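Reader: I have a protein structure open and would like to talk it through. Could you take my questions one by one?

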Amino acid sequence: MTKASDRPRRSALYLPASNAKAIAKARTLPCDVVILDLEDAVAPEMKDEARAAAIAAVAEGGFGGREVAIRANGIDTPWGAEDLAAIAASGVDAVLVPKVNDAADIARYDAALASAHPGMQLWTMIETCASVANLPAIANCAAGGRLSLWIMGTNDLAKEMRAQLTPCRTPFLPFLAMAVAAARTGGIAILDGVCNEFRDIEAFSAEARQGLMFGFDGKSLIHPAQIEPCNAVFSPSETDLAWAHSVIAAFALPENQGRGAIRVDGKMTELLHLEQAQRLVAVAGQIAGL
């Protein structure tokens with residue numbers, strides 16, 4: 001059985017909330033998550049219009065099984081308070097907030113969403129040097145609060161660090177691993193940052209495979225062309241599922257009841273592998289139902 005944090009979130013597509021055509025198209029795309037952006041993708045003079053459009057799009061619905069999030073402007077910006085008030089009154093699945101630095105920031109956002117419906121989730125960007133230094137404390141905020149998902153913001157992190165964002169992402173590899181580990185301690189889902197190469201699908205796929213290797217649940221996207229290759233990378237493969245079914249079947253045999261370790265296909269297999277196998281099968285089932 002999967003937890004809420006195990007819901008398929010292979011592909012999370014950002015789109016400007018001010019673009020009605022993009023929103024309409026998003027209702028037909030095979031991404032798992034649609035993020036209506038009020039922040040980076042929207043010019044200052046369009047912020048109010050974009051906010052109204054995002055709230056209207058959520059009210060209209062039609063996104064099917066996709067999760068819908070609205071990325072608000074930061075709480076300390078001129079638009080943050082109005083964004084959060086409007087989002088709190090909406091039926092959106094989640095609000096994504098930028099530039100979180102520490103646990104105190106999470107508390108401020110939780111307070112701003114106090115009137116929101118019980119199921120509204122708080123998602124945060126991990127995109128500042130301070131947030132990287134405070135990952136465990138931020139993860140601890142998931143207990144008893146709305147925090148349920150992180151998205152890496154490697155572009156902003158690169159800017160703040162004055163680092164080069166190369167295809168191999170060498171300067172960020174320690175932070176990617178640290179973020180995944182901290183997210184798991186808090187039961188938080190975590191998505192990899194965007195790949196700016198939306199025309200080079202092979203480069204994108206390589207970066208997505210790197211994210212999978214680190215343990216990310218999926219990846220955030222900036223172009224519809226990235227959805228299909230992203231879903232392919234972050235979906236359990238036929239080989240993975242065959243292994244999972246073998247492990248589940250082996251542990252279900254009467255002679256293996258109560259055993260902590262058995263041999264499956266010539267390899268030592270423990271209960272932790274059974275848990276991994278059950279999760280793979282459950283996630284694959286959810287993906288098939290999308």
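Author: What follows is a short chat about this chain, from the overall fold down to single residues.

Author: This is a predicted model, where local features need pLDDT of at least 70 and side-chain atom pairs count only at pLDDT 80 or more, while totals for chains, interfaces and linings use all residues. Residues are numbered from 1 along each chain as its sequence is written, and side-chain values use heavy atoms, with hydrogens and water left out.

Reader: How many helices and strands are there in the chain?

Author: The chain has twelve helices and ten strands. Both are DSSP runs numbered from the N terminus, helices being H or I with at least four residues and strands E with at least two.

Reader: And how compact is the chain?

Author: It is as compact as a globular protein of that length, because its radius of gyration is 20 Å, close to the 19 Å that the globule rule gives for 290 residues. The radius is taken over C-alpha atoms, and the rule is 2.2 Å times the number of residues to the power 0.38. Along its principal axes the C-alpha trace spans about 65 × 40 × 40 Å.

Reader: What share of the residues is buried?

Author: Of the 290 residues, 47% count as buried. Buried means under 20% relative accessible area, exposed means over 50%, and partly exposed is in between, using a 1.4 Å probe and protein chains only.

Reader: Let's go to the strands. Is strand 6 enclosed or open?

Author: Strand 6 (residues 147-152) is largely enclosed by the rest of the structure, because six of its six residues are buried.

Reader: Which strands pair with strand 6?

Author: Strand 5 (residues 121-126) runs parallel to strand 6 and is joined to it by five bridges. Strand 7 (residues 189-192) also pairs with strand 6 in the parallel sense, over three bridges. Two strands pair if DSSP finds at least two bridges between them.

Reader: Where does Trp150 come in?

Author: Trp150 of strand 6 is the bridge partner of Thr124. Trp150 also has a bridge partner in strand 7, namely Ile190.

Reader: New topic: Ser131. Where is it, and is it buried or exposed?

Author: Ser131 lies in helix 5 (residues 129-133). At 0% relative accessibility, Ser131 counts as buried.

Reader: What does the side chain of Ser131 reach?

Author: It reaches the backbone oxygen of Thr128 at 2.7 Å. That is a polar contact: a pair of N or O atoms within 3.5 Å where, within protein, one must be able to donate a hydrogen and the other to accept it, and residues adjacent in sequence count only if both atoms are side-chain atoms.

Reader: Which residues is Ser131 in contact with, leaving aside neighbours within four places in sequence?

Author: Those are Val100, Asn101, Ile126 and Ile138. Contact means heavy atoms within 4.5 Å.

Reader: Last one: what is phi of Asp265?

Author: Phi of Asp265 is near 55 degrees, a positive value in a residue other than glycine. Asp265 lies in the loop between strand 9 (261-264) and strand 10 (267-270), and at 64% relative accessibility Asp265 counts as exposed.
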